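Morning, everyone. Let me put the model up and walk through it.

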Amino acid sequence: MTVGAGISVNDGSLCVLEETILRDVHDSIVVTPASGGILTNGAFIGVRSDHIGSRRVFPVGKLLDLRFMCVFRFKLWWMTQRMGSCGQEIPFETQFLIVEGRDGSHFDQSADERPALYVVFLPILEGDFRAVLQGNALDELEICLESGDPAVKEFDGSHLVFVGAGSDPFDVITNAVRSVEDHLQTFCHRERKKMPDMLNWFGWCTWDAFYTDITANGVKHGLESLQRGGISPRFVIIDDGWQSVGMDPNSIAAQADNAANFANRLTDIKENHKFQKQEKEGKSLENSTRGIQHIVCDIKEQHSVKYVFVWHALAGYWGGVKPGVAEMEHYESKMAYPISSPGIQSNEQCEALDSITKNGVGLVNPEKVFHFYNELHSYLASNGIDGVKVDVQNILETLGAGHGGRVRLARKYHQALEASISRNFRDNGIISCMSHNTDGLYSAKRTAVIRASDDFWPRDPASHTIHIASVAYNTIFLGEFMQPDWDMFQSSHEMAEYHGAARAVGGCAIYVSDEPGQHDFELLKQLVLPDGSILRAKLPGRPTRDCLFSDPTRDGKSLLKIWNLNDHNGVIGVFNCQGAGWCKIGKTNCIHNQQPAATTGVIRSKDVNYLPRVAHQGWNGDTIVYSHLKGELVYLDKDASLPITLNAKEYEVFTVAPVKKMSNNATFAPIGLTKMFNSGGAIKDVRYESGSAIVIVMIQNLMKHLKASEMNLAMFLGILLVSYQVNNVDPLNIKSMHAFIIAYSVYVIASKFNDAFPGWVGFLHIAFWSLLVAIMCLFSQFLLHSRFFVLLLCLPILITVVYFPILVHTLVSFYGTFTGVHYETKSTKVIMKVHGCGFFGAYSSTKPSIVQVDGREVEFKYEEDSGLLSFDLQLSSEEAYLWEVTVAL
């Protein structure tokens, strides 16, 4: 038996927290506890072997009758998801696996049920080797270990796969990756990275608008066209097509109408003739002001663009850096020919990889690659460029032979790349693309944004539902390393709303690649505010817990639900993705059902996994759910659910807002800008101010008959008691003082009653109040911690209320002339900081008395039936302005 923390191999089974996950485990498998990691229930799986070979496959044990979800590479560059319940369904190149050890798809477990159990398997890097998972025909889970260099053969083998477990799947995954971070010390978790500010602004990319035919004038026309419709992109990506490239004489061109020529190589770090001011091929580039700088300056000055990124490949261009070119000789590039791993070869064929394999890559000397990146990036930065989209990254894994293997080569390149980014782009301006391999993920310490799936393909009808599902499931893994980027889309496309809604809940940058004149501005205005900012959610958007092991693309019955958080609420996007998926037989995307049926599911507040983290203190679980398309508001109790039915390719977005019960028993929940997809993203701060009530009894000449100490104590008592009863809190947090003041004040009142009612009536009063004084004083420490303290605290007030008319009469006759009773009430308030403009909505159980914006009263509408409160927020002249909204209840 070998034992990890909560994980053991015992009697031929891999057991995790007393549940058998793998059976018939091979004797060569060893488990090593994770030392010093964040995840308590975590361990490493390794193997005993001769530890020799550049590629080895080790069977671990059988996975039977347990639901799983994995993400695997279906081509060299990209991952997608697969669901199953046995080992043989796990594909080659699986880089992440989560298994349901005990059912956790339902939320209504009774107290005597054992909690759900999720087990995560992370194949990692060990030395110069990389591990991945796969299944075999015997339903065994296998570890495939390879170096990518025939000369690199020796390995340790003790730490190949990290296994973590727990009852919350998202916590388990996060803590597992953090444990691996602690173990490897070669990468950083997403939460430790600096996010570039461009994520918070709407953008435009040139790719689908122009492909490689982009020019400086094309960039201008694209921005002018959007601006005419009232949409102002604040960041721009000049994609492939700006660089100086050329083919070798003997290369074979590979170019489609919507793709680059993969046979081209980089011939100069400076821009090509299309980005020269006079646009004449062969024009001298000596005067940099006539180069790319002129278009960058123009669009920043004339169109208020904040950030401009440009595209380049990790190797320089698709075919690398051309050897023998005078301007590039000092980078010492040499021709190398890709050799992809058997796992990649067994999956989808790729035109780009085929072309690069035939024509080879001009690979910069790894010892010179920092100089290459630094000179390229410093030139770009000097011309006003703010960042780069670095593409074609996974090509490095095919070029490890002769360089110490794929892991060592990737780490060398990524360290150089990140060092150059840090030196030249102060806002961490980099987007990682075509980079879904663990060689790079486990080597990235700074890179904070990663493209999360294959491209948006405007001409492929099968790709759109697949795209949304793939990004969501890939994000479960990728989102632990970087902020996933959902790619551009086109606002005038027939599936544009579907794509736009997904990006609104994705927590990602939102940018389009519209051709000039081809826009849907009504759609864009649901994503973009007039100042160019977006309402970006806080986290990477991921499938809800009950979607983890269901296949929303092909099972014919499941909806895809994606959850995220805002500062004070949650958001859920629901999508019908049925009908198309990646075919494991045909090795391509295909439509398997031309007319998928309508699909029904439910949403719950618990679908937003971390909603309690942003809810107010004391939240009871009740929420308001507001639907974006229907504009309906529904009050959901803690354990209630809301049914939803969607036809094929339909969607809906729900804002989920925690309900606050106020001191006056009114309930309130801010929704946000109701015309925006992510309404709740507009709410940046919420404060609740409870009301108070003061009763002033005006009695002439009273004060001259009361001792000063008695008056002070009475006033202090009144303030404390009223505050306690109205706010249901102890304002000074000193209950012992309450007990003393109550006791003493009771004595004062009792003595006055005795004066007013002599004889046996006075005696009864004195006896009662004295008894209460004794109880308060003698047993105060017990009472202060007793559940009956509040009742005892209320008792004097209740009795005083009963005797209030007698007391007033007595005081009037004894002390002076009674002049009246005055009540002053301070209303309960909700004070919010709100970003943006347009219709603002909130739920209120009672009609507000007043609504103010920046201290000015505004008109509002209130629907008695639903409790929907709405009013209009004006456009501010200040960028990213926060309105102060006050609602008095």
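Which cysteine sulfur is closest to the sulfur of Cys433, and how far away is it? The closest is in Cys205, at 9.6 Å, which is too far for a bond. A disulfide here is a pair of cysteine sulfur atoms within 2.5 Å. By this rule the count comes to zero disulfides. Cys433 is buried, at 1% relative accessibility. Buried means under 20% relative accessible area, exposed means over 50%, and partly exposed is in between, with a 1.4 Å probe and protein chains only. Cys350 counts as buried too, at 10%.

Some ground rules. This is a predicted model, where local features need pLDDT of at least 70 and side-chain atom pairs count only at pLDDT 80 or more, while totals for chains, interfaces and linings use all residues. Residues are numbered from 1 along each chain as its sequence is written, and side-chain values use heavy atoms, with hydrogens and water left out.

Now the overall picture. The chain has 889 residues, and 59% of them count as buried. There are 20 helices and 49 strands. Those are DSSP runs, numbered from the N terminus: helices are H or I with at least four residues, strands are E with at least two. Next, contacts, meaning heavy atoms within 4.5 Å. Take the contacts between residues at least 6 apart in sequence: 74% of these join residues at least 24 apart.

On to helix pairs. Axes are lines fitted to C-alpha atoms, for helices over the stretch in contact, and angles run from 0 to 180 degrees between N-to-C directions. Under 35 degrees counts as roughly parallel, over 145 as roughly antiparallel, 65 to 115 as roughly perpendicular, and the rest as oblique.

Start with H3, residues 216-228, against H4. The angle is about 10°, and the axes are 10 Å apart. That makes H3 roughly parallel to H4. From H3, the contact uses Ala216, Val219, Lys220, Leu223 and Gln227. From H4, it uses His294, Ile295, Asp298, Ile299 and Gln302. By class, that contact has five nonpolar, three polar and two charged residues. The classes are simple: Ala, Val, Leu, Ile, Met, Phe, Trp, Tyr, Cys and Pro are nonpolar, Asp, Glu, Lys and Arg are charged, and the others, Gly among them, are polar.

At 10% relative accessibility, His294 is buried. His294 and Ala216 are 78 residues apart in sequence, yet their C-alpha atoms are 8.8 Å apart in space.

Next pair: H7, residues 369-382, and H8, residues 406-424. Their axes come within 9 Å and cross at roughly 30°. H7 and H8 are therefore roughly parallel to each other. H7 passes H8 in a right-handed crossing; right-handed means the near helix is turned clockwise from the far one by less than a right angle, left-handed anticlockwise. On the H7 side, the contact includes Phe370, Tyr373 and His377. On the H8 side, it includes Tyr413, Leu417 and Ile421. The contact divides into nine nonpolar, five polar and two charged residues.

Stay in H8 for Arg406. Arg406 is buried, at 2% relative accessible area. Beyond neighbours within four places in sequence, its contacts include Glu146, Glu397 and Asp439, and also Arg73 and Arg130.

His464, Thr465, His467 and Ile468 of H10 meet Tyr498, His499, Ala502 and Arg503 of H11. That gives three nonpolar, four polar and one charged. H11 spans residues 496-506 and is mostly covered, with ten of its eleven residues buried. Just after H11, Gly507 takes a positive phi of about 70°.

Most residues other than glycine have a negative phi. Asp24 has a positive phi, near 50°. It lies in the loop between strands E4 (19-22) and E5 (29-33). Asp24 is partly exposed, at 48%. His51 is positive too, with phi near 60°. His51 is in the loop between E6 (42-47) and E7 (55-62). At 25%, His51 also counts as partly exposed.
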